[in-house]
Amino acid sequence: MSPKELSQDRVTSLHGAGGELMGKFLDVLILPRFPLKKAGPVGLDALDDGAVLSLPPGQPVITTDSHVVKPIFFPGGDIGRLAACGTVNDLAVMGARPLAMTLALIIEEGFSIQQLEKILDSVAQVVGELGVALVAGDTKVMGKGELDGIVINTTGIGVAARPVTDAGLAPGDVIIVTGPVGDHGFALLVAREEFELESGLESDVAPLWPLLEPALAAGGITAMKDPTRGGLAAALNDLARKSRVGIEIWEEKIPLRDEVRGLAELLGISPYEMACEGRAVLGVRPDRAEEILEIITRHPLGEGAAIIGQAGEAHAGRVILATKVGGRRYLEMPLGDPLPRIC
Amino acid sequence: MATSPFEFRDPERAKQLAQAIRRWAPPHPTKIVHVCGTHEITITRHGLRSLLPPQLSVLEGPGCPVCVTSTAELDLAVQLALEGVVVCTFGDMLRVPGSRLSLAEARAQGADVRTVLSPAAAVEVARENPGKEVVFFAVGFETTAPGTAAVLLSSPPDNFSVLAAHKLIPPALEALLGLPGVEVAGFLAPGHVSTIIGVEAYAPLVERFSVPVVVGGFEPLDVLYALALIVRQLSQGRAEAENAYPRAVLPQGNRKAQQLLEKVFYPAGAHWRGIGPIPNSGLAIREEFSAWDASVKFDLEGAPGEEIPPGCRCADILVARAVPTDCSLFGKACTPTSPVGPCMVGSEGACHVWYRYGGKPEL
């Protein structure tokens, strides 16, 4: 079976059945795409029951996530890029250098192999760029209609010199966001065509480690979070609750693209509750804030980064929004993400 | 002239207006009432209450159309749906509790309940389902009623009819003035409704009760400007109907829409949830359109049901006698995901808006 032959095909139940066809599926579609297959003595190419890792010094950090997104291909990315970035970003905002990842595919029978190849290319591109090894994987096929297309589960392993948690924010720390918020959520909303809207907006989905590594090295970062589901509002409320501080946010400083601003007004959806997939929210010691901001804005992924607020002792556990017109209110924890199936 | 909505959020202008409001506001506790969910969203989302002097309060009255729809009306819609009629209505209406079931619960039991964005979409449903009876459950104020009138004037199919539960704003304002413990010093009148009825529609109210009524738009500066005009009237001892939203509202309103309403409906008494019966505050369908009047077609008669669940303070909140945080259920037993009363269900309800946008914290 040549790749060409496979690519004209569709996924069948045999691809996940552990037999001959699954072996070829792995040989042709998976293994050649990932040059880096081990992070220790036993890796993906051994096709053993598990991988054996040798980790460099530091504290190991592990994260896991299942990725469901509708549509599977969206402006600015696809489920493969999303799964890979989501995984390495969770490690990055823990302060960990991503080293290895697992990839489990659950695919609906009849799914186009050509589309699957595109998705795998997207995963390969992200892990390749970061030097992350794909050390283990799994493929399962579900019957037609038992699943909507494809679901990807990943586990990421990294090592942190000093883990950065959500609970490290102290009164006085400055809040930085690394770029405009809400792009991913609104790009998906438009792509779903439920509102018959058009926009040039693309998802911000991107791996954050190259942006965060130099900032972490400079020192002074006390807390970090990627504002995915529930967006900026959920991330800030999480930080405030876990760190037991109040956070004041200055609305006029929050970076927003014009498209996002317009869509938010039109649809009555708060841009602060819409997901990002390539942004981080940082707590930084006040004396380090300007330098960290400068390091971040130097990187292309940090374009539009801004200081948007500050932690304080008052209103512990809550986020206060100083609005553009000079009013003040709580920025509440969102009820849930305005959109289901986004990450 | 093209204007960006963001010009109406200029912080300098906001500061000047806030200063003017502080200067003109009476020194004693003063309550201004608005009757529009969109006003509540603007006020809460932009934290405008924190710009007002402490003695000046701005409360939402009966401004959320789905919240004030009576259980009697809602129960009829639920009854029709359970009897096999296709019931179409606006999305917010689905989860509002009836005395036994909400429309959403009726749907879960197998009833055909559909959300539509306009009355015309409900007519489409009727055309696509010629073998079924399709009822549009028509809720909303003067803003949405002309749309209902327009479809009734367009010879809809025989299997289409309207369950009319529209309500009128000026009689509700008048009713609030007569309620004990409400004590309204001035009204911020709704911009959308006023585009239809005009500023002149408030003149009789102003004359009879000597209460300032100012029509306001929906950007933060619109609201602050309207509030400033209200307190200026108070400080000068005036009571007038003023227009702070002239870019959308004409003194006489939209005559064409008024004519549509006049042709199809006549004012009739209506029951408001949390308030009770208000004379001439509803719109009944004229006899010549009775073929499409669901209450005639299905011989419906409403029976008053339980309006407000025990412990819930929606009845006080809907008449601006209380704010959401006065209710012991708010944010605890009652949240948008498991609402107890109508004010937490409707996205324009005061409780829902306060829950989403952080209410009126002491900041």
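## Strand pairing in chain A

In this predicted model, strand S4 (residues 96-108) of chain A runs antiparallel to strand S6 (residues 150-160) of chain A, and 11 bridges join the two. Within this pairing, Leu103(A) has Thr154(A) in S6(A) as its bridge partner. S4(A) is also joined to strand S5 (residues 133-142) of chain A, here in the parallel sense and through nine bridges, and in this case Ala100(A) finds its bridge partner in Ala133(A) of S5(A).

| Strand pair | Sense | Bridges |
|---|---|---|
| S4(A) and S6(A) | antiparallel | 11 bridges |
| S4(A) and S5(A) | parallel | nine bridges |
| S8(B) and S9(B) | parallel | three bridges |

## The open sheet of chain B

Chain B holds an open sheet of five strands, which follow one another in the order S2-S1-S7-S8-S9 and pair in parallel. Strand S2 (56-60) and strand S9 (241-243) of chain B each have a single partner strand and stand at the edges, so one side of each is left without a neighbour in the sheet. On average, and with direction ignored, neighbouring strands of this sheet are turned by 25 degrees against each other.

## Helices and domains of chain B

Helix H6 (residues 119-128) of chain B packs against helix H7 (residues 145-152) of chain B at an angle of about 35 degrees, and their axes are 8 Å apart. On the H6(B) side the contact is made by Pro119(B), Ala120(B) and Val123(B), while H7(B) contributes Gly147(B), Thr148(B) and Val151(B). Sorted by class, this contact comprises four nonpolar and two polar residues, with no charged residues.

The domain assignment divides out two parts of chain B, namely domain 1 (66-168 + 265-297) and domain 2 (314-357). Their C-alpha centres lie 24 Å apart, and the contact between them takes nine residues from domain 1 of chain B and 11 residues from domain 2 of chain B. On the side of domain 1 of chain B that touches domain 2 of chain B, five residues are nonpolar, one is polar and three are charged.

Notes:
Residues are numbered from 1 along each chain as its sequence is written. Chains are lettered from A and ligands numbered from 1 in the order in which they are written. This is a predicted model: local features need pLDDT of at least 70, side-chain atom pairs count only at pLDDT 80 or more; totals for chains, interfaces and linings use all residues. Two strands pair if DSSP finds at least two bridges between them. Helices (H or I, at least four residues) and strands (E, at least two) are DSSP runs, numbered from the N terminus. Axes are lines fitted to C-alpha atoms, for helices over the stretch in contact, and angles run from 0 to 180 degrees between N-to-C directions. Two residues are in contact if their C-beta atoms, placed from the backbone, lie within 7 Å. Ala, Val, Leu, Ile, Met, Phe, Trp, Tyr, Cys and Pro count as nonpolar, Asp, Glu, Lys and Arg as charged, and the others, Gly among them, as polar. Domain bounds come from an automatic or database domain assignment.
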